Amino acid sequence: MAHSAMAGSGWGTTEGDDPLQTAVWRLRSRACWADAAALLEPATAATALQRTALLVERCLYTEQGWADAEDALRTAEALAHSDDERGAAACERGQLAYAATVHGVRDRSDEARAALGRAAALIPPGAAGRALLDFRRGLLAENLTRSPQAARAAYRRAHAGATAHTDPLLQSFTWRHLAGLALREGELAEARHGFTESLRIREELGYLVGTAPALVSLADAESEPEASRLREEARRLFRLLGGVPTWLARHLTPPATGAATA
């Protein structure tokens, strides 16, 4: 199974001028999730949820840290009191279960579906957290249910929500996945546009850990010699980050085949 959409959370980047959030973002973007999580004291539901999101993302990119993510998630669930907080915790549980399934750790697909369904009952349409939820439901449709039509509809809802709530990082993921579906259908121009937008956003945000996958995906939609140039740049970043994301390695082994969709 392709490890599609190793997506991170839709929550912010630098959060304005908040020094703590700026430090968290810089560590996160450089694949230092544990260090970023260590800056956050899980004294409130919001902070506990952010710690959980960081550690779930670490699992997605490194295939390690599952126990830490589970512990953080249980803390977040215990601190969640409002519907929004409970919905956000359920969304993270669904993502963690999805990650364990696509990485072959254990089949938790039923848990993923149930958790995201619970989140959908708690997070109303139009709420800030709904876009991320829609995106993750798209992942399940694409990679577990194997329903590209349902996935496309979910990604489009997520993209609209990310645009409405000014969440550029999430937009970079929705652009990528819509482009990935277009590429599989042979729509090269549409795929190239989506992958280009995703890469542009990640470079502008400084989301270094997500830049190599974006380069590889764009390479899959380009012709030579541009495709080789993009893959070589991806290899450089991949080595710089110590081989993260782990699942990208096979896409960087010539000849590269398929789209890396993270």
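**Notebook: aromatic pairs, backbone exceptions, buried helix residues**

I began with W25 and Y207, and both are buried (under 20% relative accessible area, with exposed over 50% and partly exposed in between; 1.4 Å probe, protein chains only). This is a predicted model, where local features need pLDDT of at least 70, side-chain atom pairs count only at pLDDT 80 or more, and totals for chains, interfaces and linings use all residues. Residues are numbered from 1 along each chain as its sequence is written, and side-chain values use heavy atoms, with hydrogens and water left out.

**Entry 1: rings**

I looked up the aromatic pairs next. Rings of Phe, Tyr and Trp (its six-membered ring) pair if their centres lie within 6.5 Å; planes under 30 degrees apart count as stacked, over 60 as edge-to-face, and the rest as tilted. I get six aromatic pairs by this rule. One of them is W25 with Y207, which is stacked, at 5.7 Å centre to centre and 20° between the planes. W25 sits in helix α1 and Y207 in the loop between α10 (188–205) and α11, so this pair ties together parts that are 182 residues apart in sequence. Helices here are DSSP runs (H or I, at least four residues), numbered from the N terminus.

How are the rings of F173 and Y207 set against each other? Their centres are 6.3 Å apart and their planes stand at 70°, so I note the pair as edge-to-face. This pair also links distant parts of the chain: F173 is in helix α9, Y207 in the loop between α10 and α11, 34 residues apart. Both F173 and Y207 are buried.

I then listed the cluster. W25, F135, Y155, F173 and Y207 form one aromatic cluster. I also found R202 over the face of F173, at 4.3 Å from the ring centre. The rule for a charge over a ring is NZ of Lys or CZ of Arg within 6 Å of the ring centre and within 35 degrees of the ring normal.

**Entry 2: buried residues in helices**

I checked L181 in helix α9, which spans residues 168–184. L181 is buried, with a relative accessible area of 3%. What does L181 touch, not counting residues up to four places away in sequence? I find E142, P148, A151, R152 and Y155, where contact means heavy atoms within 4.5 Å. L181 and A151 are 30 residues apart in sequence, and their C-alpha atoms are 8.8 Å apart in space.

D134 came next. D134 lies in helix α7, residues 130–143. D134 is buried, at 6% relative accessible area. Setting aside neighbours within four places in sequence, I see D134 in contact with A154, R157 and A158.

**Entry 3: backbone**

Which bond joins E224 and P225? I find a cis peptide bond, with omega about 5°. P225 is in the loop between α11 (211–221) and α12 (226–240). I noted a cis bond from V244 to P245 too, with omega near 0°. P245 belongs to the segment after α12.

I also looked up positive phi values in residues other than glycine. A31 has phi near 70°. A31 is placed in the loop between α1 (19–29) and α2 (33–38). T166 has phi near 50°. T166 lies in the loop between α8 (148–164) and α9. Is T166 buried or exposed? T166 is exposed, with a relative accessible area of 66%.

Definitions and conventions:
Helix = DSSP H or I, 4+ residues; strand = E, 2+ residues; numbered from the N terminus.
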